[in-house]
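Dear colleague,

Please find below the structure that I am handing over to you.

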Amino acid sequence: MEGRYFDGRTSRYLAATLSATPDGVIRIAVHDEREDGPPPVELKFTDLSITSRLGNTPRELAFHGDQVFTTEDNDAVDRLVREFSGASTGLLYKLESRLLLAVAASVFTLAFLWFAFTHGVPGAAEFIANRLPDRMFGQSDNALDILDMRMFSPSELSPARELHLRATFAPYLQQHAELRPRLYFRSLNAPNAFALPDGSIVLTDELVELAEHDEQLTGILFHELGHLHHKHMARRLVQGVIVALMVVYIIGDVQTIDLLNGLPALLIGLSHSRDFEREADSFALERLCANGIAPAHLAALFLRMEAAYHEGVGDADERMDAVASLPSTHPSTRERIKLLESCPR
Amino acid sequence: MTSVEEQRARTLDFEFRGDGYEFFKIWIVNIMLSILTLGVYSAWAKVRTNRYFYSSLYLDGANFRYLAEPLAILRGRIIAVTIFTILYYLFQYNYQVALVLLAVLLPMFPVIYNQALAFQRRMSSYRNIQFRFNGNYLDAFMVMYGWPLLGLLTLGILYPLALLRMNQYLVRNSSYGTANLEFTAGYGDYARILLFLFIPAAAFLFLILAVALSNIPYSVAVSSALGYIGGLAAAAYLTVAFTNLYYRNLILREHRFEATLKVTSVAFIMVTNSLLIVATLGLYLPVAKVRMTRYICDNITMHARGSLDDFVAAEEEKISALGEELGAVFDI
């Protein structure tokens with residue numbers, strides 16, 4: 001076979017011919033115009049280190065340190081390998097060169113990725129999070145402190161109001177004592193509620209004021225307890241790690257210069273977040289009904305919250321809703337209200 | 001320069017002979033096997049991908065080579081993933097320990113940076129002569145932290161300097177065999193590129209803000225779309241400007257380079273690539289990469305003075321893949 005010879009000491013290369021005798025002696029004859037060119041190299045087949053076949057890229061046969069013979073005649077190299085080592089053409093090359101297989105692999109990959117991101121990753125994350133000791137995720141007593149530094153201001157509710165709410169909520173918190181919930185009130189300039197990994201539940205003053213009666217806030221309480229009960233924080237963490245790694249190693253390996261790299265991880269993270277919110281809503285529904293409180297109260301509060309966040313809900317149609325909820329961390333309000341219409345029989 | 005050498009001044013094209021379809025098959029098998037082996041095969045996938053791109057690039061009748069072995073990459077990868085997972089967890093749940101760990105790691109990043117570069121260069125060869133990288137801690141530290149910080153503190157005025165220093169560090173500490181590389185760009189070159197972007201970008205941002213705050217229907221959607229288009233245009237412009245600047249100022253001993261990328265072409269390729277990738281649920285990714293690579297390589301040439309036969313190999317070196325893998329995971 002024809003090819004090029006590189007001596008590994010300088011960047012000069014020369015045309016060369018490689019031939020083999022039946023008993024495994026390899027001969028590389030270098031064609032040099034100058035009369036003092038190197039003599040033909042003789043070596044055994046076992047001295048050769050041959051790269052695997054990769055598409056139609058040139059093949060490299062390395063020997064004796066840094067010397068290399070490269071050739072574009074892949075078929076000849078394959079014949080050589082077959083004859084002297086019995087190994088057949090690389091399995092990988094076989095896989096990589098068949099169209100039908102590529103199509104099958106594409107379908108398999110797409111199906112797998114879809115399954116992984118809708119069921120596999122969340123399922124694995126749930127499995128792992130449930131088996132990790134609670135201690136790992138409960139330790140951050142400082143979580144609230146950090147948020148107090150960065151976001152929250154002290155609550156401005158009247159002590160009477162706060163006391164009243166704490167009294168109202170006490171029995172429900174007691175029902176879930178195993179989650180070690182602790183209630184806090186803060187001011188944030190926006191109606192919202194948070195559950196922190198260590199069991200802290202924060203309600204903002206603005207949310208308390210937005211509610212029309214206590215049953216609405218009880219719904220929120222159960223929603224946040226739902227996050228704690230289902231270990232959403234832990235699961236989100238595990239999912240985040242898995243998704244980040246998958247994106248780095250599947251898409252990142254290709255390193256294109258377009259702007260799509262961050263998008264998949266973000267979209268996936270948000271859709272998982274919506275699943276968590278749905279789970280918390282279901283938990284709230286079940287607990288409200290078990291305690292004899294109409295879930296419609298919580299639905300009413302969601303509506304009031306949405307009104308507070310947008311100028312007007314108005315006539316947004318259902319499909320726009322679904323599209324608008326794609327980049328959001330919560331399911332659309334319409335969807336959440338539907339779930340909370342009434343208690344299941 | 002004698003007239004004989006003048007006669008031997010040649011223009012050599014970089015030729016990328018890779019094929020999108022051929023690479024797609026390699027890429028899809030890579031992914032499938034990586035999935036089936038729960039990620040272990042990803043080290044082999046990376047080697048095959050790099051080998052394909054390096055080996056498909058030709059200059060003056062010879063192609064480049066990627067020399068890394070998958071097992072080395074796998075080892076580095078496992079360690080990098082472990083460290084990443086630990087940090088990720090610590091950041092969410094035990095802030096103090098995370099900060100302490102980061103404080104310990106931050107001074108180590110320049111080391112990782114140098115290792116990653118040294119490994120990548122050493123695994124690249126042309127005509128069987130390997131490249132090399134010989135950085136030092138102080139310069140790497142300045143490139144990663146010092147100059148960018150200075151750029152920030154001067155509200156961006158010294159930021160072009162940060163870019164210049166980084167490229168100088170990368171080029172001047174790299175070598176082809178024993179031959180050093182030189183970089184001749186100056187502060188003004190980078191400043192000019194950024195300034196040229198800054199003014200239209202600021203105007204465009206005003207436009208986006210105006211649309212977003214106005215009462216036009218779907219104002220949020222329109223302003224987001226405008227933002228995306230603006231971002232794409234900026235990316236295309238910066239890619240072209242920086243790549244052209246880089247190669248025009250790159251010198252390898254007595255040989256020089258030229259780059260002739262165009263913003264319109266790059267933008268067009270980026271847009272059509274993105275559309276096709278979305279339309280094919282991502283399957284077009286490998287073809288997109290080949291396409292962009294081919295355009296870039298088609299537009300880079302070497303002005304060689306004399307032959308390329310007289311470069312000499314450098315000493316043996318042992319560099320682990322850990323640096324490169326850590327660099328990849330932490331996006332250094």
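The largest nonpolar core has 81 residues, and those with the most contacts inside it are Phe14(B), Phe64(B), Tyr126(B), Leu252(B), Val266(B) and Met302(B). Helix 2 of chain B gives the largest share of this core, 10 residues. A nonpolar core here is a set of buried Ala, Val, Leu, Ile, Met, Phe, Trp, Tyr and Cys residues joined through side-chain atoms within 4.5 Å, where buried means under 20% relative accessible area (1.4 Å probe, protein chains only); helices are DSSP runs (H or I, at least four residues) numbered from the N terminus.

This is a predicted model, in which local features need pLDDT of at least 70 and side-chain atom pairs count only at pLDDT 80 or more, while totals for chains, interfaces and linings use all residues. Residues are numbered from 1 along each chain as its sequence is written, chains are lettered from A and ligands numbered from 1 in the order in which they are written, and side-chain values use heavy atoms, without hydrogens and water.

A second, separate core of 33 residues includes Ala211(A), Leu221(A), Phe283(A) and Leu301(A).

Turning to the interface, 69 residues of chain B are in contact (heavy atoms within 4.5 Å) with 63 residues of chain A. The rule finds 1 salt bridge across this interface: the side chains of Arg65(B) and Glu60(A) meet at 3.0 Å, N to O. A salt bridge is a side-chain nitrogen of Lys or Arg within 4 Å of a carboxyl oxygen of Asp or Glu.

With kind regards

How values were computed:
Buried means under 20% relative accessible area, exposed over 50%, partly exposed in between (1.4 Å probe, protein chains only). Helices (H or I, at least four residues) and strands (E, at least two) are DSSP runs, numbered from the N terminus.
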